[in-house]
Number of protein chains: 2
Amino acid sequence: MKHEDQINQQTEEEVSNLDTESDDSVEFEAENSGFEPEVTAEEARIAELEKQLEESSQRLLRVQADYDNFRRRTREEQAASLKYKSMSLIEQLLPALDNFERALQFESDNEQTANLLSGMSMVYRQIQEACKNEGLEQIDTIGQTFDPNLHQAVMQVEDESFEKNTVVEELQKGYRLKDRVVRPAMVKVNA
Amino acid sequence: MKHEDQINQQTEEEVSNLDTESDDSVEFEAENSGFEPEVTAEEARIAELEKQLEESSQRLLRVQADYDNFRRRTREEQAASLKYKSMSLIEQLLPALDNFERALQFESDNEQTANLLSGMSMVYRQIQEACKNEGLEQIDTIGQTFDPNLHQAVMQVEDESFEKNTVVEELQKGYRLKDRVVRPAMVKVNA
């Protein structure tokens with residue numbers, strides 16, 4: 001980075017030198033207007049070289065600017081793709097987690113089923129924990145003000161014991177991966 | 001890309017022109033050795049400009065080369081990070097999947113447990129399917145030649161009915177995410 005900044009600075013100095021010099025030559029021509037100016041081979045060569053040098057410097061500035069833009073854009077893209085990298089697997093896991101939760105709501109009528117359910121609850125928590133470590137969060141529902149970005153209203157009720165426009169029941173969990181909604185929660189809203 | 005290639009080509013032409021010219025000036029000085037060469041202001045200016053132009057061209061080539069390298073490296077890194085993006089979530093899910101499998105090996109002694117197990121088997125397959133879609137594959141074990149990259153030998157047996165150095169039993173599943181081993185399979189090997 002340091003090295004490139006140096007290059008940049010040098011180039012800018014050269015370009016500003018060039019500007020001054022070409023201004024001079026314009027004045028010179030203006031003073032001699034009306035005459036055919038005598039240009040020696042050396043003067044022609046100097047003019048040619050100054051032109052080439054300016055072109056080369058401009059090209060350098062352009063490439064350097066392209067490079068800087070590309071680097072900035074790349075950094076932004078990499079940060080975003082890192083942040084949401086688990087999105088696609090999580091999206092596919094959610095239907096399995098829904099079914100898992102439904103199965104855990106089994107009411108056991110014997111000890112074996114109760115044991116199995118308790119083992120399965122542990123597995124469910126492990127999976128939830130793994131997803132949480134990747135940034136998955138459940139969307140808050142009951143008691144929250146209805147928010148169309150987070151909640152999908154599939155039913156309406158009229159219930160005096162809740163404020164208006166408030167979520168009164170959660171029908172399916174909603175999830176957010178960091179600040180991005182994976183899917184909204186399905187809810188019942190107080191009209 | 002096309003535009004940049006053009007720049008590159010132009011620059012190379014300029015640099016090779018410069019090389020020819022600076023060779024000439026070396027010869028000139030050699031012919032005049034022993035004398036103090038008379039250098040006019042114009043000649044000095046030409047020499048100075050030629051030097052600056054060469055430096056500028058070299059700098060342009062260097063920046064362009066850095067840029068090209070950065071672009072290539074970025075492409076490779078992006079491809080790799082996309083390919084293995086689900087690695088960290090999958091690594092965390094595997095212990096849950098191990099426990100899930102153990103729970104599914106419950107021998108049911110009543111209909112309710114059997115129903116619950118059948119529902120849970122479905123959930124397990126859904127999770128496996130989601131992971132498979134991200135590139136997760138189980139490592140082949142029984143009957144395979146022992147491979148220390150894929151298999152971790154935790155037991156040895158001597159069994160005439162198997163070839164030597166062959167996996168005879170799987171103690172824990174191993175997984176590969178595309179071509180990268182997530183964890184080797186724990187196996188019993190025929191000595």
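In the predicted model described here, the area buried between chain A and chain B is about 5400 Å², and carbon and sulfur atoms give 65% of it. With contact defined as heavy atoms within 4.5 Å, 59 residues of chain A are in contact with 60 residues of chain B. Because the model is predicted, local features need pLDDT of at least 70 and side-chain atom pairs count only at pLDDT 80 or more, whereas totals for chains, interfaces and linings use all residues. Residues are numbered from 1 along each chain as its sequence is written, chains are lettered from A in the order in which they are written, and side-chain values use heavy atoms, with hydrogens and water left out.

Two salt bridges (a side-chain nitrogen of Lys or Arg within 4 Å of a carboxyl oxygen of Asp or Glu) are counted between chain A and chain B. One of them joins the side chains of Arg45(B) and Glu50(A), with an N to O distance of 3.0 Å. On the side of chain A that touches chain B, the elements giving two or more residues are α1 (2-31), α2 (41-83), α3 (87-104) and α4 (111-133) of chain A, where helices are DSSP runs of H or I with at least four residues, numbered from the N terminus. Of these elements, α2(A) gives the most, with 21 residues. By class, this side of chain A has 25 nonpolar, 20 polar and 14 charged residues, with Ala, Val, Leu, Ile, Met, Phe, Trp, Tyr, Cys and Pro counted as nonpolar, Asp, Glu, Lys and Arg as charged, and the others, Gly among them, as polar.

Over all chains, the structure holds seven aromatic pairs, for which the centres of Phe, Tyr or Trp rings (the six-membered ring of Trp) lie within 6.5 Å, planes under 30 degrees apart counting as stacked, over 60 as edge-to-face and the rest as tilted. Phe100(A) and Phe100(B) form a tilted pair, at 5.2 Å centre to centre and 45 degrees between the planes. This pair crosses between chains, from helix α3 of chain A to helix α3 (residues 87-104) of chain B. Phe100(A) counts as buried at 0% relative accessibility, and Phe100(B) is likewise buried, with a relative accessible area of 0%; buried denotes under 20% relative accessible area, exposed over 50% and partly exposed in between (1.4 Å probe, protein chains only). Ring pairs also link Tyr67(A), Phe70(A), Tyr67(B) and Phe70(B) into a cluster.

Notes:
Buried area is the accessible area (1.4 Å probe) that two parts lose on being put together, summed over both.
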